Amino acid sequence: MITRREAALRLDIPLEMAVRHGIPSRLSAEDVAELDENPPAWLAQSRANRTGKKPVWVQLTCDICGFTESARPKKWWPTFTYLSCEHHGSDELPDPQPGLARTEIDGIGSCFIGIVDDATS
């Protein structure tokens with residue numbers, strides 16, 4: 001049995017959509033495969049409406065320890081130079097290249113800090 005969240009990941013839909021359309025809190029992998037292969041009208045329409053500009057889910061991976069997590073990307077997320085778990089120190093990452101300033105952004109996923117190195121103005 002897999003969770004509704006895992007089913008949403010496999011179907012590439014938001015968790016909210018899975019809830020709204022009655023996907024149970026636990027279901028078998030076979031049931032998810034059946035939904036994927038023979039999508040109901042709402043899922044087929046959702047897939048048809050996608051522009052491909054923004055992914056529904058992204059895989060976040062710590063550049064230090066390799067811990068991964070799937071999360072819904074936020075519109076305000078910049079392109080990260082590095083991602084690290086909250087418990088890692090900034091000294092565990094390479095220093096920014098000369099001429100670049102480093103910014104740390106908390107609250108990425110459930111436990112990540114986003115690191116952005118960009119040109120100083």
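Let me start with Gly 22, which is found in the loop between helix H2 and strand E2, where helices (H or I, at least four residues) and strands (E, at least two) are DSSP runs, numbered from the N terminus. Gly 22 is exposed, with a relative accessible area of 55%; here exposed means over 50% relative accessible area, buried under 20%, and partly exposed in between, with a 1.4 Å probe and protein chains only. The C-alpha atoms of Gly 22 and Arg 5 are separated by 13 Å, the two residues being 17 apart along the chain.

Before I go on, please keep in mind that this is a predicted model, in which local features need pLDDT of at least 70 and side-chain atom pairs count only at pLDDT 80 or more, while totals for chains, interfaces and linings use all residues. Residues are numbered from 1 along each chain as its sequence is written, and side-chain values use heavy atoms, with hydrogens and water left out.

Now to helix H1, residues 4–11, in which Ala 7, Ala 8, Leu 9 and Leu 11 are buried. These buried residues pack against several elements, among them helix H2 (15–20), helix H3 (29–37) and helix H4 (41–49). After H1 comes Asp 12, whose phi is positive, near 60 degrees.

How do H1 and H3 pack? They do so at an angle of about 35 degrees, with their axes 10 Å apart; axes are lines fitted to C-alpha atoms, for helices over the stretch in contact, and angles run from 0 to 180 degrees between N-to-C directions. On the H1 side, Ala 7, Arg 10 and Leu 11 meet Ala 29, Val 32, Leu 35 and Asp 36 of H3, contact meaning heavy atoms within 4.5 Å.

Turning to the sheet, we have an open sheet of three strands in the order E5-E7-E6, with antiparallel pairing, where two strands pair if DSSP finds at least two bridges between them. Strand E5 (82–85) and strand E6 (100–108) stand at the edges, each with a single partner strand, so one side of each is left without a neighbour in the sheet. Neighbouring strands of this sheet are turned by 25 degrees against each other on average, direction ignored.

Four bridges join E5 to strand E7, residues 112–119, and Tyr 82 stands opposite Ile 115 in E7. Eight bridges join E6 to E7, with Leu 100 opposite Ala 119 in E7. Finally, the hairpin of E6 and E7 has three residues between the strands, and Gly 109 there takes a positive phi near 65 degrees.
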